[in-house]
Amino acid sequence: MKEIKRCYGCGAIIQSENEKHIGYVPKDATTKDHILCRRCFQLKNYHKLQTTSLTKDDFLNLLDHIGEKDCLVVYMIDLFDFEGSRIQGLLRHIGYNDVLVLANKRDLLPKSVKERKLEHWVRRRLKEEGMKPVDVIVTSGKKNMNMDKIYDAMMTYRKQRDIYVVGATNVGKSTFINALLKHYAQVEEQNLITVSEFPGTTLDFIEIPLDEQTYLYDTPGIVNESQMTHFVDPKILKKIIPQSELRPIGFQLQEKQTIYFDGLGRIDYISGGQSSFITYFSRQLKIHRTKTVNADALYDRHKTFQFEIDGMQSIHDMKTYDFTLKSGKCDIVISGLGFITISSKGGKIKVHVPPQISVTIREAII
Ligand code: GDP
């Protein structure tokens, strides 16, 4: 039987399979007797926080735990992957606590889009789910955007209570908390963070003192299995996932035309009059228009990135999604990759993507 080892910092079970999961250490470090998981190691030596993730059941326990507290919940979502970064059923679990929403990664959307427009868009989307946050602040942890505003809002809305920061993995929670700590840490850095365990659970929160009695807790995220990090090589991921402002490319499409977004998928315009399609993807992706009849044959020629995706040998292994467009403007979202804004008088489209990627239609964000 495999021996179970625990991190002497936080008590998490040591594992080397999933970097984002609690208790991670690189494989060659698992043989030691006295092991500090990577997160505790980084905290101890570099005062750097790295957020971890939990499985679904543990995550729901965590939310229930927060629901039992009287606290302020800071809920981070990713503006670029809004659909993929939402926590399903958050409201049901966290009870009546106040929620402050941080809409992160604003830097990826075009600078020309007004902050207020993004804020209203987020509010409308959350309202559809029944959530009425105390405030929505648009931010970019990477660019330190609106940090003063966030800090002030947190201090106002917490009303002397603890703060719990929640979010799915990859929304940018650690980047944000590290930026917050750098800006506002008044305590000696070494004393700033302690890893805390809640007895009888596997929920390890990082606690950061706010004053003598109250804390800000960083909580593990939930893994979204459909995120590309799980099935694309990290080197390629850096190219296909936008690192800077998305590049808009506009097309006037006629029926029976197709737009390829590199080897990652395509959108066929089946019917409807001439319509405008604006693609928003990483600058490194090649975006190409062709006639739909020629599209299958052109797939291999037009892909820049050669990578293996489970279950996908050719364009025929892609999953397809059909949408009927209403008259007006909408976005077709290719989860984690980008989106296409379509303005039309109505029509039909078919989207082809690798089997693991999901596609949704939404109110246009821009
Ligand atoms: P966590 O899993 O929620 O803790 O997320 P991380 O902080 O580890 O960030 C996940 C990924 O998103 C990393 O590649 C970060 O560099 C990136 N990221 C974090 N914040 C931002 C941001 O404000 N803008 C952009 N463009 N990327 C970000």
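**A friendly note on this predicted model**

1. The protein has ten helices and 17 strands. Here, helices (H or I, at least four residues) and strands (E, at least two) are DSSP runs, numbered from the N terminus. Residues are numbered from 1 along each chain as its sequence is written. Please keep in mind that this is a predicted model, where local features need pLDDT of at least 70 and side-chain atom pairs count only at pLDDT 80 or more, while totals for chains, interfaces and linings use all residues.

2. Next, burial and contacts. A residue is buried if 20 or more other C-beta atoms lie within 10 Å of its own, exposed if 12 or fewer, and partly exposed in between, with C-beta atoms placed from the backbone. Of the 366 residues in the protein, 38% are buried. Two residues are in contact if their C-beta atoms, placed from the backbone, lie within 7 Å. Taking contacts between residues at least 6 apart in sequence, 71% join residues at least 24 apart.

3. Now look at the cores. A nonpolar core is a set of buried Ala, Val, Leu, Ile, Met, Phe, Trp, Tyr and Cys residues joined through C-beta atoms within 7 Å. The largest one has 57 residues, and V73, V74 and V101 touch the most other members. Strand 2 gives the most to this core, with seven residues. At least three residues come from each of domain 1 and domain 2. A second, separate core has 27 residues, including I240, F281, M318 and I342. In soluble globular proteins, nonpolar side chains tend to be buried together.

4. V73 is worth a click. Leaving out residues up to four places away in sequence, V73 touches I66, I94, N97, D98, V99, Y164 and V166.

5. The expected span of a helix is 1.5 Å times one less than its number of residues. For the twelve residues of helix 7 (residues 173–184) this gives 16 Å, and the end C-alpha atoms are 16 Å apart, so the two agree. Its buried residues are K173, S174, F176, I177, A179 and L180. An α-helix has 3.6 residues a turn, so residues three or four places apart point the same way.

6. Most residues other than glycine have a negative phi. N144, however, has a positive phi of about 55 degrees, and N146 has one of about 60 degrees. N144 is in the loop between strand 4 (135–138) and helix 6, and N146 is in the loop between strand 4 and helix 6 too. N144 is partly exposed, because 14 other C-beta atoms lie within 10 Å; N146 is partly exposed with 17.

7. Finally, is A29 buried or partly exposed? A29 counts as partly exposed, because it has 15 C-beta neighbours inside 10 Å. A29 sits in the segment before helix 1 (38–46).

Notes:
Domain bounds come from an automatic or database domain assignment.
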